[in-house]
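Welcome! Please take a moment to look over the sequence and the structure below, and then we will walk through a few of the main features together.

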Amino acid sequence: MRRLNCIVFTLAKYYKMKAHIVVFLALVLSVSCTPKENIVTEPSEQERIFIDSTGNLIATSLKAALQKNLSSAIKTTGIVSAIEFCKQEALVLTDEVANDFNYQIELKRTSLKCRNPQNAPDEFEELALKYYEKMILEDPDFSASYIQKIRGDQSSYFYYYQALKTGSVCLVCHGGPENIDPSIASILVDKYPDDKATGYMEGDFRGLIRVKVTPEE
Ligand code: HEC
């Protein structure tokens, strides 16, 4: 961009153009060359109903499967192997759940305090996390879904959210030192040196399930 403006000014100098024409030309160039940023907008009532039912179905089945499978993995194979399970199985489940739909669906779990930096929120997810944090502070039982319509340059997509609370089964890996066995703690430190996802108590807001729904073109 800077180079383009530079060319405009060099040409202007060469042709001895008037200053205001040069400024106008440079402005037009910078506006037309800057990529438009994605913005969050309100979905229509019809979109809201559709995304809410689709997102709810996917997020609920993911949540239920995670709870159930984590508990049985801990029981049968022990917590150490369940650490791996939490990561990989979640992704396999994601594919299974998503394949039943005709829209492009992408699932993610995110948090303001992530264990794996790869799960860190993007700018829209961060807005949603802060929204939930505020709502849950006002009402600890707040559990409504939340939808963002994100309008890009070419097309729009939706982010549907559901809150994840810390259950008792989660504490063995996300609780305080009194909950996390030292052998687990040392594996976690080793694998996730930047781990921020500990110190939770039962019932705490842990993060969000985010379902991205992109309507097929
Ligand atoms: C056996 C250990 C273990 C248990 C039990 C466990 N987690 Fe996790 N959790 C992990 C690990 C390891 C990761 C990082 C996964 C990765 O690398 O993507 C993780 C990641 C997450 C994330 C993604 C954000 C982040 O911090 O990276 C969320 C959200 C989460 N866990 C919520 C829960 C909830 C809710 C429960 C209880 C239902 C739970 N976890 C139980 C080990 C566990």
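How many of the 10 residues of β5 are buried? The count is 8, so β5 is largely enclosed by the rest of the structure.

## Around the ligand

Now turn to the ligand. There are 26 residues around it, and A82, R115, N116, C170 and C173 come nearest. The elements that give two or more residues to this shell are α3 (45-77), α4 (79-98), β2 (104-110), α6 (171-174) and β5 (205-214). The largest share, 5 residues, comes from α4.

What kinds of residues make up the shell around the ligand? By class, 13 are nonpolar, 9 are polar and 4 are charged.

## The helix α3

Helix α3 has 33 residues. From its first C-alpha to its last, α3 reaches 46 Å, close to the 48 Å expected at 1.5 Å a residue. G78 follows α3, and the phi of G78 is positive, near 90 degrees.

Which residues of α3 are buried? They are I51, G55, I58, A59, L62, L66 and L70.

## A loop residue, D181

D181 lies in the loop between α6 and α7 (182-191). Is D181 buried or partly exposed? D181 is partly exposed, because 13 other C-beta atoms lie within 10 Å, while a buried residue needs 20 or more.

## How confident is the prediction?

The protein averages a pLDDT of 82, and 75% of the residues score at least 70. Confidence is highest in helix α5 (residues 123-138), at a mean of 97, and lowest in helix α1 (residues 2-15), at 49.

Over residues 1-9, pLDDT stays under 50, and the model has 12 contacts beyond four places in sequence for them. Where pLDDT is low, the predicted coordinates should not be read in detail.

Technical notes
Residues are numbered from 1 along each chain as its sequence is written. This is a predicted model: local features need pLDDT of at least 70, side-chain atom pairs count only at pLDDT 80 or more; totals for chains, interfaces and linings use all residues. A residue is near a molecule or strand if its C-beta atom, placed from the backbone, lies within 6 Å of it. Helices (H or I, at least four residues) and strands (E, at least two) are DSSP runs, numbered from the N terminus. Ala, Val, Leu, Ile, Met, Phe, Trp, Tyr, Cys and Pro count as nonpolar, Asp, Glu, Lys and Arg as charged, and the others, Gly among them, as polar. A residue is buried if 20 or more other C-beta atoms lie within 10 Å of its own, exposed if 12 or fewer, and partly exposed in between; C-beta atoms are placed from the backbone. pLDDT is the predictor's confidence in each residue, from 0 to 100. Two residues are in contact if their C-beta atoms, placed from the backbone, lie within 7 Å. The expected span of a helix is 1.5 Å times one less than its number of residues.
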